[in-house]
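Me: Please put the model up, and let us go through it by question and answer.

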Amino acid sequence: MRTRTDDADLPIELTSFVGRRQEVNAVKVALSEARMVMLTGAGGVGKTRLAIRAATELRRAFADGVRFIDLSTSLDRAALGSSVLGALRIGDQSDRDPTEIISEFLRERQMLLVLDNCEQIVEECAALVDAVLRRAPLVRVLATSRERLWVTGEYVCQVPPLFVAGPDLDTDLARSSPAPAQHPALVLFAERAAAVGGGSAVIGGSAVREDWPDVARLCRRLDGLPLAIELAAVQTRVFTPRQLVRRFDERLGSVGTLDRATPARHRTLEAAIDWSHDLCSPQEGLLWARSSVFAGWFGLDAAEGVCSGEDLPRENVLDVIAALVDKSVLVHEEHLGEVQYRLLETLAQYGRERLREAGEEGDLLRRHRDWHLDLVEQMTTQWHGPEQPSWSRRLRRDYPNLRAAMEYCLSTPGEEQNGLRFTAALLPYWHGNGQLIEGRLWLERALAADGEPTLARFMSLRNQSSICSGQRDFDTSEAALQGCRALARHLRDPLVDARTLATEAELAVLRGDYAAGVAHAEAALAIPEYGGIPERAESLCTLAIAHAMLGHYHEAVATHEAAERCSAECGERYFLSWSLVGRSIAEFGAGEHSSVIRYARKAVAIAREFTNSIGMSSALILLVCSTVAAGDSARGAVLLGARQRICRAFGIADPALGPERDLIDATTSQIRAELGEAGLEAGLARGLSFEFDEAVDYALTSDELAPTPDAGTAEAESSPLTAREEQVAELVAQGMSNKEIAAALVISQRTAEGHVQKILVKLGFTSRAHIAAWAARQGH
């Protein structure tokens with residue numbers, strides 16, 4: 001089983017990494033000399049595992065970290081850009097070319113990018129890598145592909161199969177008890193066989209030393225290909241190594257009629273996969289083939305919904321999945337508290353071929369589309385509710401499959417209207433996860449593919465207008481709105497009329513026409529069919545901001561309170577954060593800076609849940625300005641630096657425009673006047689030195705939280721902990737768990753865990769009990 005690190009930078013392989021020490025060192029040396037290293041080799045040779053191991057060992061050499069980007073489901077330039085933007089967590093929502101955004105984000109960063117499975121989009125990857133290498137001098141790229149990219153400066157490392165001893169050493173192997181370490185292919189076979197309960201020969205029992213020569217012969221037949229060896233090792237539950245050699249010789253002979261232009265290792269791997277497939281039960285073979293329609297990871301519920309049928313009952317799917325995991329056909333990982341499954345790319349291609357041969361590919365692609373369309377349409381009915389954050393996380397996890405389903409709709413004649421249903425439903429995801437660029441591309445394709453005057457087309461046009469206004473492309477936004485108005489006249493639906501007015505209000509506010517924004521939002525809310533549904537939260541927050549920008553502070557506060565009641569009724573939070581920004585603007589205009597700080601912090605906390613970069617930036621501007629206006633310029637300077645650090649983490653140079661920019665400039669001048677240039681720079685430097693979570697935590701903290709040691713103890717006077725760590729230590733002493741500490745301090749659980757670990761290291765302790773005792777001595 002495999003998991004991912006919390007920040008999703010590199011997968012963590014939970015099975016052992018066998019051999020490859022020489023290859024890992026070679027990759028590390030190559031990356032020290034070349035800025036772009038390409039690992040090439042046959043499918044199943046272990047390129048991805050080698051890249052992950054080398055990148056893991058090099059992590060500390062890159063100040064800004066390592067990012068792993070799986071491109072196995074990226075089939076065009078748009079998907080490539082979206083995959084990289086998502087992996088880098090870039091929040092730039094402009095309409096600029098993704099390559100330009102990515103290159104600018106990386107320009108001053110020292111980072112290693114690991115691009116896995118480039119072979120499907122070689123030309124697009126080459127263009128992106130070339131742009132990054134030219135514009136970001138501190139970035140290095142490690143890529144895997146079955147063919148090189150041919151970019152300037154590319155250093156190619158051919159990944160060899162695992163070493164297997166020649167026949168002349170079989171006699172020596174027969175004298176070995178454990179698998180000899182100098183023969184990694186045998187070690188891999190032994191470990192994988194032991195993991196599935198294979199026979200004693202592969203566990204290294206001295207009574208069966210004579211079986212090692214048979215294992216070596218089998219690994220030679222498999223050309224040392226790790227994937228083929230793993231598939232073979234699974235069969236030791238029912239066959240001895242000698243039987244496996246004989247059976248595989250028979251299988252390899254049956255593929256001797258393959259095109260001789262095909263590389264030998266490809267024929268070997270295909271024979272190994274055929275062999276593994278033949279040993280599957282009929283239901284296992286069905287699930288293998290049917291699950292190949294998934295783009296990457298999928299859950300049990302998706303497998304049951306897409307792959308089940310009369311020949312594979314829903315209630316049998318879990319057992320069949322477990323059997324395929326045991327056979328090393330499916331790999332699995334835990335993500336968001338649920339186990340997810342995936343076919344390795346080579347096995348997925350094999351499964352898709354079997355599906356095609358059976359004439360089932362079209363039907364399974366439609367079932368895959370239907371299941372995911374139901375998923376996103378269910379999301380739209382529940383988005384304005386308490387499940388908002390979990391829906392946001394789930395769609396982020398499942399997005400490769402949503403992308404594949406949309407691609408099917410827009411590339412298959414007769415399916416275009418279903419494509420519009422996807423684009424009609426996905427605006428909350430695109431907005432909430434900062435993926436406006438990709439959302440706009442899908443909307444443009446779907447709207448161009450089908451012109452029928454349906455509700456799905458209206459909603460897609462409305463979504464296009466919203467995204468384009470958010471990108472400050474007001475002309476395109478207005479053109480989409482004109483289409484909305486025309487369809488509203490055709491559909492004669494009051495709710496459609498209200499949604500048109502709500503979108504017009506959004507466009508007006510972003511254009512700076514706040515009076516028109518108020519008029520359109522109030523007109524939308526006056527329509528009975530719209531005023532009584534959770535969706536009205538969107539217009540309430542637009543109205544609150546428009547009133548605040550006009551100086552109508554009383555109206556802004558009243559509207560925010562209405563939005564808050566709406567949130568309490570339905571559990572909605574995303575738009576509440578924007579209403580909190582509107583309330584903060586109103587309080588700032590009224591000079592109520594303590595209220596601004598309170599509401600702005602609430603907005604920041606919610607924006608963090610959704611990775612809402614623009615909302616967080618706007619709230620932080622108000623927080624900085626009110627902190628300084630309240631007389632704390634020193635803290636304001638640090639907050640100013642923390643805000644810049646947060647924007648930098650989102651890949652945004654500085655999103656502040658118009659009035660926001662003026663506020664920042666005026667506040668910066670005030671800090672400089674009160675602290676001097678040196679004081680301003682020192683505060684900025686401290687804020688910029690924070691990690692992302694530390695910067696957000698600082699913004700959410702009520703004060704500097706100075707340590708409170710017992711002056712009577714020498715230990716207290718020499719405490720090595722920071723103020724925040726002192727506070728965490730006190731909460732540990734109170735018996736709080738990491739989760740409870742995170743809730744008490746309004747920080748992420750991951751950050752709380754990091755603080756506890758740092759305390760243990762700094763104090764030289766090994767348990768939380770030691771921390772509690774130390775805190776007691778400190779007088780906490």
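Predicted model: local features only at pLDDT ≥ 70, side-chain atom pairs only at ≥ 80, totals over all residues.

Residues are numbered from 1 along each chain as its sequence is written, and side-chain values use heavy atoms, with hydrogens and water left out.

Me: What is the mean pLDDT of the protein chain?
Reply: pLDDT is the predictor's confidence in each residue, from 0 to 100. In this chain, 87% of residues reach 70 or more. The mean is 84.

Me: How many contacts does the model have for residues 200–208 beyond four places in sequence?
Reply: Contact means heavy atoms within 4.5 Å. pLDDT stays under 50 over residues 200–208. Residues 254–262 are also below 50, with eight contacts beyond near neighbours in sequence. For residues 200–208 the number is 19.

Me: How many helices and strands are there in the protein chain?
Reply: Both are DSSP runs, numbered from the N terminus: helices are H or I with at least four residues, strands E with at least two. The count is 38 helices and nine strands.

Me: What percentage of the residues in the protein chain is buried?
Reply: Buried means under 20% relative accessible area, exposed over 50%, and partly exposed in between, with a 1.4 Å probe and protein chains only. The chain has 780 residues. The buried part is 56%.

Me: How many salt bridges does a search of the whole structure find?
Reply: A salt bridge is a side-chain nitrogen of Lys or Arg within 4 Å of a carboxyl oxygen of Asp or Glu. One network of them links D301, E338, R394, R397 and D398. The search of the whole structure gives 45.

Me: How many residues apart in sequence are the parts that R462 and E535 tie together?
Reply: The two side chains meet in a salt bridge, 3.4 Å from N to O. R462 lies in helix α21 and E535 in the loop between α25 (528–531) and α26 (536–550), so the pair ties together separate parts of the sequence. R462 is buried at 8% relative accessibility, and E535 is buried at 9%. The parts are 73 residues apart.

Me: Is E569 buried or exposed?
Reply: E569 forms a salt bridge with R536, the closest N and O atoms being 2.8 Å apart. E569 lies in helix α27 (residues 553–570) and R536 in helix α26, so the pair ties together parts 33 residues apart in sequence. R536 counts as buried, at 14% relative accessibility. E569, at 59%, is exposed.

Me: Which helices does the pair R608 and D697 link?
Reply: These residues form a salt bridge, with the closest N and O atoms 2.9 Å apart. Both R608 and D697 are buried. The pair links distant parts of the chain, 89 residues apart. The helices are α29 (residues 593–610) and α33 (residues 692–700).

Me: Which side chain of opposite charge is nearest to D450?
Reply: D450 sits in the loop between α20 (436–449) and α21 (455–470). Lys and Arg count as positive and Asp and Glu as negative, while His and the chain ends are not counted. D450 is buried yet has no salt bridge. The nearest opposite charge, 5.6 Å away, is on R457.

Me: Which side chain makes a polar contact with the side chain of D450?
Reply: A polar contact is a pair of N or O atoms within 3.5 Å; within protein, one must be able to donate a hydrogen and the other to accept it, and residues adjacent in sequence count only if both atoms are side-chain atoms. Leaving aside neighbours within four places in sequence, D450 is in contact with E416, Q417, L420 and R457. The polar contact, at 3.0 Å, is with Q417.

Me: Which cysteine sulfur is nearest to that of C118?
Reply: A disulfide is a pair of cysteine sulfur atoms within 2.5 Å. The structure holds zero disulfides. C118 is in none, and the nearest cysteine sulfur is 3.9 Å away, that of C125.

Me: What is the phi of N117?
Reply: Most residues other than glycine have a negative phi. N117 is found in the loop between β5 (112–116) and α5. N117 counts as buried, at 13% relative accessibility. Its phi is positive, near 70 degrees.
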